[in-house]
Amino acid sequence: FFVGKNELLGWLNDLLQLSYTKVEQCANGAAYCQIMDAVYPGEVPLKKVYFEAKLEHEFIKNYKVLQSVFDKKQITKHIEVNKLIKAKPLDNLEFLQWIKRYFDMHYGGHEYNALERRGGGGVTKENSGVVATARPATSSSAVSATAAALTKTASRSTPVRVAARDVSNVASLRPASAAGKRPAGDEHIQQMMEELTSLKLTVAEIEKERDFYFNKLRDIEITTQTTERTTISELVDDLQKILYSTSEEEAVPVAELVVVVVAAAEA
C-alpha cells in the first residue's frame, strides 16, 4: 500500500483542517491521535492530547494516548515511538501511510468536525513540534542568552524556571535531529534506485518474450504462404515444429521452405 506524500498531506489537511506542508510535522503524535478519533468518535481522550507539543517528552505523552486506543481496539500495529518523535520524514511517512490505510478500511463516512473536536485549537505548521526537533540552532550564544534571561526571571516565578530548562533541552535536541535526516534520505534514495533497476530488468525480460512469440507468428505466416506440402498433415507437422521450438535454430521448417522457394525461383 503506497500513497504519495502530497496526496497524504492533502488528505490529512482536509480531514483535520490543518495546514501541514511536511509529513514530519506529525511527529508530535497529535494528528495521529485525532485521525483515530475521526475513525472512532468519542473514544479517544483528546483532552489528554497536547496539540501544541514541541518537545520530545511531550510527544511521548501523546503517543501513550494513541497506544491506549490501539490496545482498546486490539490493533496490533507496533508504534515505533523512538523513531517517530525524531521527526524524520521517512519514518513518519510510513506510519502516516499505514494509518491512512486503516482509516480507509474503518471510517464510517460520518461527518467529522476536527476543529470542534479539539476545542478550536490545533496543530499548525508553526507549533507542530518540528521547530523544536528538526531545525538546528543558529547560534549557541543566542540560546545561552535566552536561557540566561529566563533564569534571571526565575526568582519571580516557578514556571519560568521550567521554561528555561526546556529551552536548553531544545538546543540539545536540534543538531541531533537535523543530522539524522540525511541517512534516512540516502537510504530511501538507495531503495528507489534498486526498485528502478529491478523494473528495468523486468521490462527487458518482457520485451524479449514479446519478440520470441512475434517471431513464431512470423515463421508461421511465412510457412503458410510458401509451403509446398501436399497434405495437411505435413503442414501441421511443420507448424507444430515452429510452435514447440524453443529457439530460432529449432524452427527448421521455415529455413527448409526458404531453400525450396529459392531453388524453385532459380529453376
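Begin by selecting K83, which at 42% relative accessibility counts as partly exposed (buried means under 20% relative accessible area, exposed over 50%, partly exposed in between, with a 1.4 Å probe and protein chains only). This is a predicted model, in which local features need pLDDT of at least 70 and side-chain atom pairs count only at pLDDT 80 or more, while totals for chains, interfaces and linings use all residues. Residues are numbered from 1 along each chain as its sequence is written, and side-chain values use heavy atoms, with hydrogens and water left out.

Next select K86 and E56, whose side chains form a salt bridge at 3.4 Å, N to O. K86 sits in the loop between α4 (81-84) and α5 (89-106) and E56 in helix α3, so the pair ties together parts 30 residues apart in sequence (helices are DSSP runs of H or I, at least four residues, and strands runs of E, at least two, numbered from the N terminus). E56 counts as buried at 13% relative accessibility, whereas K86 is partly exposed at 33%.

Then move to K72 and E43, another salt bridge at 3.7 Å, N to O. Here K72 lies in helix α3 (residues 56-72) and E43 in the loop between α2 and α3, so this pair links parts that are 29 residues apart in sequence.

Note on methods. A salt bridge is a side-chain nitrogen of Lys or Arg within 4 Å of a carboxyl oxygen of Asp or Glu.
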